[in-house]
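Biologist: Could you take me through this structure one feature at a time, giving the general idea before the case itself?

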Amino acid sequence: MSHDHPQHRSAMSSPPPVSSLDTFTCVRCGLTVAAYAPDGGRRNHCPSCLHSQHLVDHVEGGPSDCEGRMTPISIAVLRTGDWMVVHRCVRCDELTSNPVRGDDNQLILMRMAVRPLAQPPFPLEAFGDL
């Protein structure tokens, strides 16, 4: 694999040059989004509402014909401590995960992170019987 691929760039390297053409429009809120976050990492979701579009088929590899809206449903924390946004396609139900970027909406991130504690899948009263 090439070392200049965005996912394999070292933390010490400078971000790629960003042109005004490196943008996309959010499929949910319509915000025009820079394809590169301020930290230089490539993004695939809106920093405001965290929604994305299903453009890559992560199961088969290559481009996806689905093009459905990817809804943020959860947060995953890797062993490295990095946070990932978990998306589900509203059209085909495929799940993906993508790195959280420094300018992502912190309120939405925290709401997703604490949702399992606020809405557990079992009654909290069960702890009183233990």
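Biologist: In β5, which residue is the bridge partner of P72?

Modeller: In this predicted model, the partner of P72 is H87 in β5. Residues are numbered from 1 along each chain as its sequence is written, local features need pLDDT of at least 70 while side-chain atom pairs count only at pLDDT 80 or more, and totals for chains, interfaces and linings use all residues. Side-chain values use heavy atoms, with hydrogens and water left out.

Biologist: How many bridges pair β4 with β5?

Modeller: Strands are DSSP runs of E with at least two residues, numbered from the N terminus, and two strands pair if DSSP finds at least two bridges between them. Here β4 (residues 69–77) and β5 (residues 83–89) pair in the antiparallel sense over seven bridges. Their hairpin has five residues between the strands, and G81 takes a positive phi near 95°. β4 is also joined to β3 (residues 52–53), again antiparallel, by two bridges, and S52 has M70 as its bridge partner in β4.

Biologist: Where does the charged end of R42 sit?

Modeller: A charge sits over a ring if NZ of Lys or CZ of Arg is within 6 Å of the ring centre and within 35 degrees of the ring normal. The charged end of R42 sits over the ring of Y36, 5.1 Å from its centre.

How values were computed. Helices (H or I, at least four residues) and strands (E, at least two) are DSSP runs, numbered from the N terminus.
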